[in-house]
Amino acid sequence: MRVHTSNSRSSVVSRCTPQVPPAWPGRAVAPADYKNRTTPKPISLLGSTGSIGTQTLDICGEFSDRFDVVALAAGRNIELLAEQIKQFQPKLVGISNGEDVDALKELIKDAPTQPEIVVGMDGQCAVASHPDIEAVVTGIVGCAGLKPTCAAIEAGKDICLANKETLIAGGPAVLPLAAKHGVHILPADSEHSALFQCIQGMPEGGLRRIVLTASGGAFRDWPVEKLKDVTVADAITHPNWSMGKKITVDSATLMNKGLEVIEAHYLYGTSYDNIEIVIHPQSIIHSMVETADSSVLGQLGWPDMRLPILYTLSWPERFDTSEQTWPRLDFLEMGDLTFKKPDHAKYPSMQLAYAAGRAGGTMTGVLSAANEKAVELFLEERIGYLDIMKYVGACCDAHKADHVVQPSLEDIVHFDAWARDWTAAAIASGKQVAAAV
């Protein structure tokens, strides 16, 4: 299905797309028959050697009486994977490349138990849908996470969501599937976990507005005029945390927050008119909701990805954590909390993200994929900092003619690859593109 488009970039398509069932329609309520567990919760983990994966396993190690790691999947870091196998003794292990099987078997020959080893995408799907598990943590990166996530949903497994493409690109296909199978999608990133925590027990119709907080990134205190001089070294230096290069650049451009706006819409069903971004430099309030009667609820804490990961695994329970390894929030140490409105001239990503979100369908995946490729080429110093959003916007414009409103999973994967190829080719050819807004 195609839609007619206007020539205005701020309106990527001329009308709203069909409603996609949100994961949590403005409220989160535990199952009526839920009782606190007396046995460890069996889980699997995709991307076990990455940042999300290693933090998840740290949690599982600390709460070994609460979680049983049944299956793991990883890429090619088989040395770390071997150590994880020895510690957690999973029944099933997936690796990306069959050439690594023999080497992995050699590394784990002295492990207490020998897991079954599976390979490639079929192996990822087997780990995600293992019959003994109740939930899978999707720490795998990119659209490679879509197929195993769908396999898990079709097998009735809850999704502890750490793969952004699942909703940003795959929302129109994944959410109806989750609704069909009665599967919970539990957000593992800090902002959406904050919102999820704030809507626990919310009455129907009680959620009015979502406020996503943003650090403002590396250039929050820079004048717009100075951005033309930004270097890669400038862009990968975050004022608050040490993160990977790509996510640090996304924080600088505020595209990370634009993508979170799209995720919030898909997760909670809130209209784009009622999702707001606020610059909050201290990163203590992780996000807020406004209720129908004008109360505002926020979730506060030190910046720490472990808490949202833990909550996806423990929900609807709350585990007692050690003060030695889980520092308490000290309000006197925290100091002042400040807020300001983001500057659209400094952050053109916001307008692009809202426009793509309102377009829906394949447009949101194209936005994300084009941004990923443009950031990659910026980090290689093939384009300048201000060129990132120019090429992202141009790619979204180029996609208008082929935009699919109700895409299949195959459509989503196809246009993810198309957007990366288009952006790379446009940059390689020196294609002249207009300003992002």
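Begin by selecting α8, β11 (296–300) and α12 (306–314), each of which supplies at least two residues of the lining of the second largest pocket; helices (H or I, at least four residues) and strands (E, at least two) are DSSP runs, numbered from the N terminus. This is a predicted model, in which local features need pLDDT of at least 70, side-chain atom pairs count only at pLDDT 80 or more, and totals for chains, interfaces and linings use all residues. Residues are numbered from 1 along each chain as its sequence is written, and side-chain values use heavy atoms, without hydrogens and water.

Colour α12 next: with six residues, α12 gives the most to this lining. The second largest pocket holds about 460 Å³ of space. A pocket is an open set of points on a 1 Å grid over the protein atoms alone, where a 1.4 Å probe fits, with protein on both sides within 12 Å along at least five of seven lines; lining residues have an atom within 4 Å of a point. Volume is the space filled by probe spheres set on the points, which are joined across faces, edges and corners. To centre the view, select Q299, L307, T321, W326 and P327, the closest to the pocket centre of its 24 lining residues.

Finally, colour domain 1 (41–187) and domain 2 (203–303 + 333–428): both give residues to the lining, so the largest pocket lies between them. These domain bounds come from an automatic or database domain assignment.
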